[in-house]
Amino acid sequence: MNISRQPEILAPAGDRPAFLAALAAGADAVYLGLKHFSARAEAGNFSIAELAALTELAAEKNCRVHVAMNSMLKPGEAEAAGRLLDRLNKHVRPAALILQDPGMVKLAKQSGFAGELHLSTLANAGSPAALPHMRESLGVDRVVLPRELNIDEIRACGKACPDDLDLEVFVHGALCYNVSGRCYWSSYLGGKSGLRGRCVQPCRRVYTQKSTTGRFFSCNDLTLDTLVKTLREVPEVRSWKIEGRRKGPHYVYYTVKAYKMLRDHGNDPEAKKMAVDFLKQALGRRGTHYAFLPQRPYVPTDPDRPTASGLLIDKLGKAKTRKLSFSPRIPLIPGDLVRVGYEDEPGHQIIKVRKSIPKGGRLDFLAKGRPPRPSSPVFLIDRREPELSKELNALEKRLSAIKVKTGESSSFEPTMPRPVKPAARPLHLHVSRRQGNNKLNDGSGVWLTPKAAREVKPGLAMRLWWWLPPVIWPNEEQEWQDCITRLVKGGARRFVLGAPWQKSLFPTELPRLPRAVAIKRKPKKPGTKHREKEDRLIMWAGPFCNIANPLALEWLGEMGFDGAIASTELSRDDALALGKSTPLPLGFVTTGQWPLGITRIEPSGFKAEKPFISPMKEVCYARRYGQNHWIYPSWGIDLREKEQELSKSGYSAFVHLHESKPRDVPRANRVSTFNWDLKLL
């Protein structure tokens, strides 16, 4: 790797003005989504024709274009996704694709995509031990690290990074409360999956615990600002990424300008001061360094204060009619966008300023639909300064002169794997936090912890399915490797992994079983001798791997997995279609407590093990396991009546998640079928 190269400044673009603003600010690369298969479906996004012209314009500015096709791929979508990839490759030729789904990676290769492949942060791929494996098994050129990593963990990833693999790190933008790729909050409560780009951000809402009310889960924005200089010490970090595909051109322009200045003139005090001032002008949320400095981590939530984006410029007064007004604390110019109220409040609305309003002046407007509540805050959320508008207009003029032809359709046909014959009798996997006095059977399972690995008896280790957690952080990776090695030496052979990359934590050579627990086959006939079974590890990809299509299952088989638990988010039609087309033995979660999400953030403003209530009166609670907190709804999944239907379609296993509830959490008066009866968009 060429250490002398500077890290690129990677800018977001949700529409054409934001794309042009990134070019005007001098971004080295721009990332964006298409109209389909993007994990930011709420952004404007781009058509092939529009993107072809913009990519040509970007090339004139020596700027790379990265296209995010980072949504979870459902059954039946391979042909449409493959043809889109084919057209993208023929007519746009972007520098890179950003992907989370292994099935999409296989499609990109089948379609002959010529650019780089980048593994999205939604793949939860922040594992130093697994980085060489990701490069080898998926053939990706870059891994986007989770936002939760501190600088020491980023350094560890850098040291483990192969020479032909780059790393990308978020330096600025919105933070999710839950770990990327491990959040099901929006999906569980309303069928809008974050893994499909449809998140409605329930974490931004106001929650209540006893007499305390606040935005317990609404994070401030990540803002590394002057701390980014420490990333220069990790040469494997080739990209500084700015989040914000739903932001306007003003935000994009000023954040790119700021981080370019910090990269190129980071030792100049005046430049640093100007860069910080640019970030203040960007109209984002309040900033936080979050966990970047391990010796001084910050909880990124502030439950007592709102975390709305934009600059507060006034509050509404009382009004008895739909005619409202406010008096801005700063001058407003034509083209400014103003939001009245918070994004999650009924009655909030966005107003475009049509004429100049001086500081202390008055802007009158008519409430649309339900009026905002009295005293609603007013925020400036985007603006078009004359200087920026002039630059954007010049780029628009150049763009209009670029003519591209993209009418050719695609005849691409994906090569799909051959379905496997399902087991005659499904296996029921019962998973508990500890075995205790539970009766043992072929499907008995326990969530693995280092303590459990130390205390389990060898004879019991071989009889259980050991479930790894959905997230293992770099600073605990060695402990988990030692834990798994100890368990395997003690006879454990059956594992369910929380992420495909956890396969890298297992010993490459299998130790001989202790004599007392050697696995024997039953004799075929009376009087015949026992024969030893093949001694090997049996590995399944668990439900947190978010596997939802045959191509991803095929890749798991190529990696050596024996089976997989399908994504719990699938609707009935999708789940049955996957069962009929799976190339691997397949399971489905049919009962138990499924988390709304898993977070590394410490509770602030509320207590774990105590119920809290959503605006829709939904009762939830948080519980700590290791470094993470699991956010649970009080009501669990119950799809037992669907097991026969699933079995007929090809499923070989059903999972039952056993989780005790805190004493103070009331008994639920309902159960969930998750998205079974919905259509996962």
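Modeller: The residue in question is Ser-127, which is found in the loop between strand S5 (116–119) and helix H5 (131–138). In this predicted model, Ser-127 is buried, since its relative accessible area is 10%, where the limit for that class is under 20%. Once neighbours within four places in sequence are set aside, Ser-127 is in contact with Met-134 and Glu-477.

The chain has a mean pLDDT of 92, and 96% of its residues reach 70 or more. Over residues 519–528, however, the pLDDT is below 50, although this stretch has 15 contacts in the model beyond near neighbours in sequence. Where pLDDT is low, the predicted coordinates should not be read in detail.

Turning to the aromatic side chains, a search of the whole structure finds 31 aromatic pairs. One of them joins Phe-544 and Trp-594, which are stacked with a centre-to-centre distance of 4.5 Å and 15 degrees between the planes. Phe-544 belongs to the loop between strand S23 (538–541) and helix H14 (550–559), whereas Trp-594 belongs to the loop between strand S25 (586–592) and strand S26 (597–599); the pair therefore ties together parts that lie 50 residues apart in sequence.

The charged end of Arg-147 sits over the ring of Phe-170, at 3.7 Å from its centre. Arg-670, in turn, lies over the face of Trp-635, with a distance of 3.9 Å to the ring centre.

Helix H8 (residues 249–264) packs against helix H10 (residues 386–400) at an angle of about 100 degrees, and their axes are 11 Å apart. This angle makes H8 roughly perpendicular to H10, because angles of 65 to 115 degrees are classed in that way. On the H8 side the contact is made by Pro-249, His-250 and Tyr-253, and on the H10 side by Leu-388, Glu-391 and Leu-392.

Terms used. Residues numbered from 1 in each chain as written. Predicted model: local features only at pLDDT ≥ 70, side-chain atom pairs only at ≥ 80, totals over all residues. Heavy atoms only, no water. pLDDT = per-residue confidence, 0-100. Contact = heavy atoms within 4.5 Å. Phe/Tyr/Trp six-rings, centres within 6.5 Å; stacked < 30°, edge-to-face > 60°. Helix = DSSP H or I, 4+ residues; strand = E, 2+ residues; numbered from the N terminus. Lys NZ or Arg CZ within 6 Å of the ring centre and 35° of its normal. Axes fitted to C-alpha atoms, helices over the stretch in contact; angles between N-to-C directions. Parallel < 35°, antiparallel > 145°, perpendicular 65-115°, else oblique. Buried < 20%, exposed > 50% of the residue type's maximum accessible area, 1.4 Å probe, protein only.
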